[in-house]
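Hi,

Here is the structure I promised to send over.

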Amino acid sequence: MSIRRILVANRGEIAARIVRTCHKLNIETVLAASEADRDSLPARLATRTVCIGPAHPTASYLKPELQVQAALGTGCDAIHPGYGFLSERAAFARLCEQHGVTFIGPTSEQLAIAGDKLAARAAAKGVDVPLAPGGEAPSLEVARELAARIGMPLLVKAAGGGGGRGMKLVERAEDLDAALELAAAEAGAAFGDARVYLERFVTRARHIEVQVLGDGAGNIVHLGERDCSVQRRYQKIIEETPAPGVPQELRARLHDAALRFAGRLRYRGAGTVEFLVDVARDEFYFLEMNARIQVEHPVTEMVSGVDIVAAQIAIASGSGLRLVRGEAWREGCAIECRINAEDPARDFAPSPGTVRSARWPDAEGIRVDTHIESGARVPPFYDSLLGKIIAHGRDRAQALTRLRAAIAVTRIEGIATNLGLHAEILADPEFMAGGVDTGYLARLLERPARAAVRQHG
Amino acid sequence: MTLTARDIAEITRLLEDSSFDELELEIDGLKIHLRRNGDIPRFLAKGDRPKPPVSEAAEVRPLSPPPITDPNLTEVRAPLLGTFYRAPKPGAPPFVEVGARVEPDTVIGIIEVMKLMNAVRAGARGVVRDIRARDGVLVEYGETLLLIDARELS
């Protein structure tokens with residue numbers, strides 16, 4: 001079955017990026033845009049744009065029935081959900097399936113398993129993928145007993161959550177009850193699912209994830225790993241591949257664990273299996289699977305040569321993985337900086353507004369994924385990602401040099417951005433050495449010199 | 001037999017890819033008439049609501065009509081995206097025609113989203129001057145459905 005017209009159910013840089021690949025493949029695009037995005041770059045790139053609702057995402061991008069109606073009404077065969085919004089909603093995938101529109105992603109059953117962290121833990125356990133000690137906490141009694149076995153510190157997590165949302169860190173046993181109550185209440189409100197579970201909090205770990213592609217018939221390939229340890233409050237801001245300083249043997253075990261997990265689900269489409277890795281102790285734990293394309297996918301594309309969006313479309317149209325023969329041409333190193341509309345000097349407050357002028361870098365080995373041009377508006381309703389600058393090099397040192405130069409010539413005027421913070425990280429000896437853990441950025445932000453600058457500047 | 005939106009999309013493609021301007025199809029008592037760049041395509045199914053036609057090729061961007069400057073004219077805009085119907089059911093007379101007098105709560109059409117019918121009200125008092133939206137066609141959020149003229153009230 002061939003796909004001839006795709007509804008892009010997303011906005012921003014990922015919408016522009018999906019449209020570009022579609023047009024390269026001679027596939028028409030219909031962008032489903034909110035009122036605030038009618039004049040955006042993806043709206044101009046798409047073959048056609050339809051306005052699906054008001055600016056607020058709950059009245060537009062997050063409405064499954066509007067997206068499917070827009071697809072049917074414009075003659076689209078398929079919907080690409082991008083990331084965020086409806087991309088991991090099993091009910092949305094089911095609605096598409098029911099109306100004969102191809103959902104470019106996993107099946108609704110696979111989304112349901114990946115989205116239920118307890119079901120995902122069970123699936124991981126079933127194929128011997130290591131888990132951080134923990135388990136479900138259906139009552140206070142069970143939780144207390146479990147906590148005693150796990151030890152402190154530990155995390156209370158929402159079964160229906162993910163990406164760090166609805167998580168509580170417990171450092172003393174006497175704080176457990178309060179944390180459980182709070183986490184369950186928050187999870188119920190945010191995800192409509194009050195189930196929580198406990199997991200050992202692994203300090204000094206790195207966040208390393210493996211990109212996989214599955215054909216839905218049991219064949220899975222991986223495109224290597226990404227290190228996403230530079231995070232602030234679980235939000236990644238710098239990602240790179242390969243993960244620096246990881247022994248080949250450990251790397252292979254990570255890849256293999258990801259293949260086993262995706263294989264257990266007979267996974268269809270592009271997905272990412274996330275792990276916490278303690279390189280010093282030669283240990284790793286399964287975190288979760290993201291059943292969609294990820295923000296940081298370009299670093300993998302730059303070293304593997306695989307267009308992951310094209311692979312998603314090929315899989316959705318039944319061509320399987322024959323266009324993807326990984327490994328052989330993987331070479332070099334790629335690093336990505338997420339440029340956000342937020343002000344690091346004001347505790348990373350979002351800074352929506354109008355971009356007076358935007359100048360992005362253009363140099364050898366540099367790729368820019370963005371929807372922001374001079375005059376573009378950054379509405380307050382959506383996430384703050386303005387674009388991604390990705391550098392490729394024959395090795396990490398060359399990629400870093402290129403990325404530093406690219407960040408230095410980038411100018412975004414009119415709104416606050418985190419460009420300065422990126423310049424600082426890329427020049428920091430600890431980051432340059434490679435292999436920082438997930439606590440690195442918080443420590444950098446608390447350094448005395450920086451704290452002083454923040455107070456007075 | 002039931003004709004799905006996908007079938008219609010496929011049929012429309014046949015027309016789009018051909019050198020013909022019109023296509024008439026008859027399958028099991030179901031008649032379809034498709035016309036390129038033409039009027040509203042008609043779907044004559046028995047008692048079934050017509051599916052939204054997709055004859056508008058994606059390359060054709062809908063031209064935004066000139067902005068309304070006459071202060072007496074009020075635009076009635078689509079409150080949500082969906083398929084616009086001018087009549088309560090197929091074959092029934094339209095809710096309003098040009099020249100009809102409307103009150104703010106007069107229903108002027110229906111917008112269907114996934115089988116859910118939403119009544120659209122005039123929102124203003126006056127006489128219908130022009131009907132912009134076509135029957136059975138996808139309308140976008142905020143698209144002008146019709147114009148109401150306040151002047152022509154006696």
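Starting with burial: A:Tyr61 is buried, as its relative accessibility is 0% (buried is under 20% relative accessible area, exposed over 50%, partly exposed in between, using a 1.4 Å probe and protein chains only). A:Phe85 comes out partly exposed at 25%.

Some housekeeping: this is a predicted model, so local features need pLDDT of at least 70 and side-chain atom pairs pLDDT 80 or more, while totals for chains, interfaces and linings use all residues. Residues are numbered from 1 along each chain as its sequence is written, chains are lettered from A and ligands numbered from 1 in the order written, and side-chain values use heavy atoms, without hydrogens and water.

Now the rings. Over all chains, the search gives six aromatic pairs (Phe, Tyr or Trp rings, the six-membered one for Trp, with centres within 6.5 Å; planes under 30 degrees apart are stacked, over 60 edge-to-face, the rest tilted). A:Tyr61 and A:Phe85 are stacked, because their centres are 4.9 Å apart and their planes at 25°. Ring pairs also join these two with A:Phe381 and A:Tyr382 in a cluster.

A:Phe261 and A:Phe286 are both buried. Their ring centres are 4.7 Å apart with planes at 35°, so this pair is tilted.

One charge to look at: A:Arg396 lies over the face of A:Phe431, 5.0 Å from the ring centre (the cut-offs are NZ of Lys or CZ of Arg within 6 Å of the centre and within 35 degrees of the ring normal).

Cheers
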